[in-house]
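Please keep the sequence and the structure in view while reading the points below.

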Amino acid sequence: MEDERYMMRITDRLTGLAFGGDYNPEQWPPEVWDEDIALMIEAAVTMVTVGVFSWAMLEPSPGYVDFGWLDDILDRLHRAGIAVDLATATASPPPWLVRTHPEILPITRDGLRLYPGSRQTWCPSSPVYREAAVTLAARMAKRYGNHPGLAMWHVGNEYGCHNAHCHCPVSTVAFRRWLAKRYGSIGALNDAWGTTFWSQRYRDFEEIHTPRLSPTFVNPTQQLDYARFSSDELLECFRAERDVLREITPEIPITTNFMVMQFSRNLDYWRWAPEVDMVSNDHYLDAADPEAHVELSFSADLTRGLAEGNPWLLMEHSTGAVNWQPRNTPKMPGQMARNSIAHIARGSEGAMFFQWRASRAGTEKFHSAMLPHAGTDSRIWREVVELGKLVANLAPIARTTVEADVAMVFDWNAWWATELDSHPSTDVRYLDRAHAWYRALWQHNITCDMVKPGESLEGYRLVIVPTLYLASEAAASEVGRFVKSGGTAVITYFSGIVDESDHVHPGAYPGAFRHLLGIRTEEFVPLRADQTIDLDIGGKADVWAEYVHLEGAEAVARFVGTPLDGWPAVTSHRFGDGTAWYVATRTDSSTTMALAHRILTASGIDTAEYGSDVEVVTRSGSGGRFRFIINHGAEDTAIGVAGHDLVTDRAVRPADTVAAGGVAVVHEAPDDGDD
């Protein structure tokens, strides 16, 4: 990634942060376009994404391309001062391509072919699809590479959202080829997959299939490698289009919209992030989660981690309800602004939406938009206009970076491996402890960076390692180096159990972290679905417990009652100049909060004096420090800092308040009190 160079290129076309959304003018007659652009100006829109699902309109028949309507709309947008994030239109192939080449359609693990009628109806390994997509991308680049309104290329759309896994014959051959490249020999694969078990030993790669439906559990390493392969195949699709765009238009930054949120786990974004010029992300709330704003912050921090701490861009979120959840509840008044500002607080260089104008037809006709079906006489429109003004006021924070003393180790490979079958408990889910410990930090007003396993942890005071079931020696060693040099680490249960091939680390659990933690787990004790266990420090635990022996560590908490009365539940171990904590059970929220407070205090990390419903983040740069205070609660809260509030455009003092449901973005005054 060359974020700084490309961010300068993007901001050359903008006058501050990006504000806008997906624009689909092809769904509307040209007479509506003038109204759209006039309303965009009213809402202070600075950039729109165009062309995401336009392949059938741009190439209505094989080889015949109609750019007329797209020429027109790009010219109109440029005259209005609105920059364009131009999609390559390759997210969904047109019906004629499927009719001509039905072999591009994906096949499920139980052998069912998926047919046209929705989107992403293509096999990621299909050479036919890739060739057609690259050809269209090249035509787009030659046509619009010098257009003055072009700010960024947008390749595909939400890769892997619906077609991440294909089991067709083409995919099977591609999987074998990928395995041969990964392992080099069939013997190395047999060793990695442990094929002496269940008489699975292979003579050559031609005997291997994708992990399709089988009489019982499929080889776990085969499943894990297939997940890696599937992510890589989609990445190859992106690279193919990116490379032709870069060859023709080398100065235009290229992105594709990730889906870093709890609904999506199909792609290893640590592998994807270095391939884009700027990380961008789509994020949607879980309407059933009353604390969805905390998961939003988690995902935004993870996206910033993918960008290596550099600015990134929120490419899509919603003004209100989506259309694809069981119950699509709307956002409450002020929630859209809080969501948008939270993303910006955590590193986004703007707030973009799906979509500009609500569709009249199609699957997403009930998905909210910046301009809803109700038109301009609506709460959503009024909030959009107000948000546009607010985002414009936040221009001074552009290209600043987020401050954080705490990191969390996060890994998609560990996510995939944790949730394979044949494990001690189906109740152990990868995101569970990551979200629980993140929530405890969030409620203490602590900002958390997300880091890849094995990456340097230097500069942090505290590192959280949740459910890192799959842990390489390099990842474990880096955590050990961090602690030994004076840091504090918290490692939760079912971590350090297996290596990259899903083989159990030799010796007792928790394998890779055993010596760092100063413990030895004799046996796992998964709890029944309705079973809880008390702790001697108060609180309860469920889902998981262990018979933990102390080998240098001390017990901070013990289980009370059968079957583990007196056995350690939480331990602490002095290792070098630092401390490693182990949480051997699924503590309830209040206990997790109390442990987090104790560990933060011991690590010398100050927690801001705000309520548990208040989100506090600081961005800083050459222009100073900017403190974001986002009040998700029902009561006013003190700003807590002196400076100039960019939201209200006035000077503020620490005792001034942020209203319930409101936000403040304070350009902090220097120590001498001058603004």
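In this predicted model, Asp282 stands opposite Glu316, a residue of strand 8. Strand 8 covers residues 312-316, and five of its five residues are buried, so the strand is largely enclosed by the rest of the structure.

**Strand 8 and its neighbours**

- Strand 7 (residues 280-282) pairs with strand 8 in the parallel sense, over three bridges.
- Between strand 7 and strand 8 the chain passes through helix 11, and this β-α-β crossover is right-handed.
- Strand 9 (residues 348-353) also pairs with strand 8 in the parallel sense, over two bridges.
- Ser348 in strand 9 is the bridge partner of Trp312.
- A right-handed β-α-β unit is made by strand 8, helix 12 (residues 335-345) and strand 9.

**The largest cavity**

- The whole structure contains six cavities of 30 Å³ or more, and the largest of them has a volume of about 60 Å³.
- Fourteen residues line this largest cavity, and those closest to its centre are Val260, Met261, Phe298, Leu302 and Trp415.
- Helix 11 (292-306), helix 14 (412-418) and helix 15 (430-443) are the elements that each give two or more residues to the lining.
- Helix 11 supplies the largest share of the lining, with four residues.
- By class, nine of the lining residues are nonpolar, four are polar and one is charged.

**Salt bridges**

- Across the whole structure, a search finds 42 salt bridges.
- In one of them, the side chains of Arg304 and Asp301 meet at 2.6 Å, N to O.
- Arg304 and Asp301 lie three residues apart in helix 11, which is about one turn of the helix, and both residues are buried.
- A salt bridge also joins Arg514 to Glu551, with the closest N and O atoms 3.3 Å apart.
- Arg514 belongs to helix 17 (residues 514-517) and Glu551 to the loop between strand 18 (546-550) and strand 19 (554-560), so the pair ties together parts that are 37 residues apart in sequence.
- Arg514 counts as buried because its relative accessibility is 19%, under the 20% limit.
- Glu551, with a relative accessible area of 37%, is partly exposed.
- Arg528 and Asp530 form a salt bridge in which the closest N and O atoms are 3.8 Å apart, and both residues are exposed.

Methods
Residues numbered from 1 in each chain as written. Predicted model: local features only at pLDDT ≥ 70, side-chain atom pairs only at ≥ 80, totals over all residues. Heavy atoms only, no water. 1 Å grid on protein atoms, 1.4 Å probe; cavity = no way out; pocket = protein on both sides within 12 Å on 5 of 7 lines; lining within 4 Å. Points joined across faces, edges and corners; volume = space filled by probe spheres on them. Nonpolar A, V, L, I, M, F, W, Y, C, P; charged D, E, K, R; others polar. Buried < 20%, exposed > 50% of the residue type's maximum accessible area, 1.4 Å probe, protein only. Pairing = 2+ DSSP bridges. Right-handed = clockwise from strand over helix to strand, strands pointing away. Salt bridge = Lys/Arg side-chain N within 4 Å of Asp/Glu carboxyl O.
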